[in-house]
Amino acid sequence: LKRFIAESVACRNPFEKYGEEDLEYCRWSNLFRELPDLGLDVARAAAKKSNVFPWDDARISEYMEEELDLNRLWEEQILKRRNLEEIEEDARGGCIRSIIELDHINHDK
């Protein structure tokens with residue numbers, strides 16, 4: 001996200017677009033004084049000239065990160081505490097937590 005923001009700002013060329021006397025120029029200057037790392041990231045991004053906007057679909061893969069499989073992680077977490085047989089037994093006994101956990105474990109089976 002940080003890289004996407006820097007490249008989005010860089011493609012708008014705020015310091016080339018506005019003159020030093022312009023209020024918008026002052027706003028960008030103040031922002032980069034407050035957030036010097038952002039200013040550096042924008043400068044680096046500006047050095048990489050691109051003919052495609054950062055938000056263009058052709059570049060989306062550059063900003064994507066691998067998503068965690070929350071279903072798998074939750075199932076692993078459930079089964080760390082108790083085994084499947086215990087969960088099934090408790091679910092038959094009416095334990096709401098076990099019913100929900102069992103539904104989750106069996107959701108795609």
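Which helices each supply at least two residues of the lining of the second largest pocket? They are α2 (14-17) and α4. The model is predicted, with local features needing pLDDT of at least 70 and side-chain atom pairs counted only at pLDDT 80 or more, while totals for chains, interfaces and linings use all residues. Residues are numbered from 1 along each chain as its sequence is written, and side-chain values use heavy atoms, leaving out hydrogens and water.

**Terms**
- A pocket is an open set of points on a 1 Å grid over the protein atoms alone, where a 1.4 Å probe fits, with protein on both sides within 12 Å along at least five of seven lines; lining residues have an atom within 4 Å of a point.
- Helices are DSSP runs (H or I, at least four residues), numbered from the N terminus.

**Largest pocket**
- The lining has 14 residues, and the closest to the pocket centre are Cys11, Ala45, Lys48, Lys49 and Ser50.
- α1 (2-11) and α4 (36-47) each give at least two lining residues, and α1 has the largest share, with three.
- By class, the lining holds seven nonpolar, three polar and four charged residues.

**Second largest pocket**
- The second largest pocket has a volume of about 160 Å³.
- Its lining includes Pro14, Phe15, Phe32, Val42 and Lys49.
- The largest share of this lining, four residues, is from α4.
- Seven of the lining residues are nonpolar, two polar (Gly counts here) and two charged (Asp, Glu, Lys or Arg).

How values were computed: Points joined across faces, edges and corners; volume = space filled by probe spheres on them.
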